[in-house]
Amino acid sequence: MRVFLVSANTEQINMPVLPVGLASIAAAVESAGHEVHFLNLATRENFLTTLEHAVEDFQPEVIGLSVRNIDDQNMQTPRFLLDPVKEVVACCKKISRAPTVLGGAGFSIFPQETLSYLGADMGICGEGEEAFVTLLARLSARADLTDVFGLVTSQGMSAPRRIQSLDGLPFPKELLAFPKSINNQKIWLPFQTRRGCPMDCSYCSTAAIEGRAVRKRSVRAAADSISRLVEEGFTHFFLVDNTFNLPKTYAKAFCSEITRRKLDIQWRCILYPWRIDEDLVGKMARAGCVEVSLGFESGARKILRSLNKRFQPEEVRSISKMLEVRGISRTGFLLLGGPGETKETVLESLSFADSLELETVKVTSGIRIYPQTKLYRLAVEEGGIVPGGNLLSPTFYLAGNLDGWLQETVQQWIGKRPNWHM
């Protein structure tokens, strides 16, 4: 079949969007014997015109559209990002009879709501490398679709299935065509060694996307892929594993293998500030780690408990110091306004983050509510949202008596600290 794959998000939030997940889908589809055309609309100025010409030229039999972001998670001035995607779907349906199939992280959080809003024919919730290939086989044979895992239609949704052997996935060759720099700035190529996160933070949507069980690529396979990318000229990587340091034994083995291969790379990662020792930080530095994201979210013990965090402020401070000594830049994140938050805990968190003397601090006021999370259930119990209500439109949790004061206080802190941002 002729399969047209489109990265449908046109917004650039924080950094250029490189559709690594869709590249993995393309590799699986090609490996199954289908012809693939790949298009990233975020790199196109006149994206609808580009899309029209590409569809007309390729004449696809199936169109897959990846939906990465629903909104920008900004409570003060929320931006809903699906309207351009809706234009993309409408454009595809106007000039092609091929069925439109949605997928991607944003879609997997709100599968039925997104399908309905965008007006596509169907979607795949969760990981798509196996499920989408199965769907293509059924569509090609005009067979029944009911056994396709994670299939979403207007009539309902089947349960997704997680891929257990990540080493069995083919190398995403589309990565090789991605730019290495934009406007003379190096691109940090996203790279994933693991899927899933067991930490179960009260507000997090990761479980809906990847599940709670951690599934790892073998260290050798992950390093082989990075080595191949280095041979093609890539030198900067963003390891987008939700918690790079968990499990710690895997993280250490990965760093040791990168060091053993003498790969001349720089990389950044996301650390869960818990169970990190000097040995791991040293291995990270020797392997080329130059920057980490520390999602400690709060400096108040009671709020950390409320968010279901497993660490304490002292651990964050100790880990931050280890990183500083090794010359690894630190970006800290504060997530203010959640359950139990008060003016006192807000000021405690701001002071705590200030005392760490991080290179960068990013502050979020109000927490985006996602379905199937503890925060969602609490918001229902408190009467803030209706059970089963549509949360596709940006909906936030903000503890009582903080509205107005919180935003003003955060603005004052940021105004005095040039390395702090919202």
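User: Which residue lies over the face of Y117, and at what distance from the ring centre?

Analyst: A charge is taken to sit over a ring if NZ of Lys or CZ of Arg is within 6 Å of the ring centre and within 35 degrees of the ring normal. In this predicted model, K86 lies over the face of Y117, at 4.4 Å from the ring centre, and R268 lies over the face of W188, where the distance from the ring centre is 4.0 Å.

User: How many aromatic pairs does a search of the whole structure find, and how is a pair of aromatic rings described?

Analyst: A pair of aromatic rings is described by the distance of the centres and the angle of the planes. The search of the whole structure finds 11 aromatic pairs. In one of them, the ring centres of F4 and F58 are 6.2 Å apart and the planes stand at 45 degrees, so the pair is tilted. This pair links distant parts of the chain, with F4 in strand β1 and F58 in helix α2, 54 residues apart.

User: Are F4 and F58 buried or exposed?

Analyst: Because buried means under 20% relative accessible area, F4, with 0%, is buried, and F58, with 12%, is buried as well.

User: What can be said of the rings of F110 and Y370?

Analyst: Their centres lie 6.0 Å apart with the planes at 45 degrees, so this pair is tilted. F110 lies in the loop between α4 and α5, whereas Y370 lies in the loop between β18 and α14, 260 residues apart. F110 counts as buried at 0% relative accessibility, and Y370 counts as buried at 9%.

User: Which residues form one aromatic cluster?

Analyst: The cluster is formed by F244, F254 and W267.

Definitions and conventions
Residues numbered from 1 in each chain as written. Predicted model: local features only at pLDDT ≥ 70, side-chain atom pairs only at ≥ 80, totals over all residues. Heavy atoms only, no water. Phe/Tyr/Trp six-rings, centres within 6.5 Å; stacked < 30°, edge-to-face > 60°. Helix = DSSP H or I, 4+ residues; strand = E, 2+ residues; numbered from the N terminus. Buried < 20%, exposed > 50% of the residue type's maximum accessible area, 1.4 Å probe, protein only.
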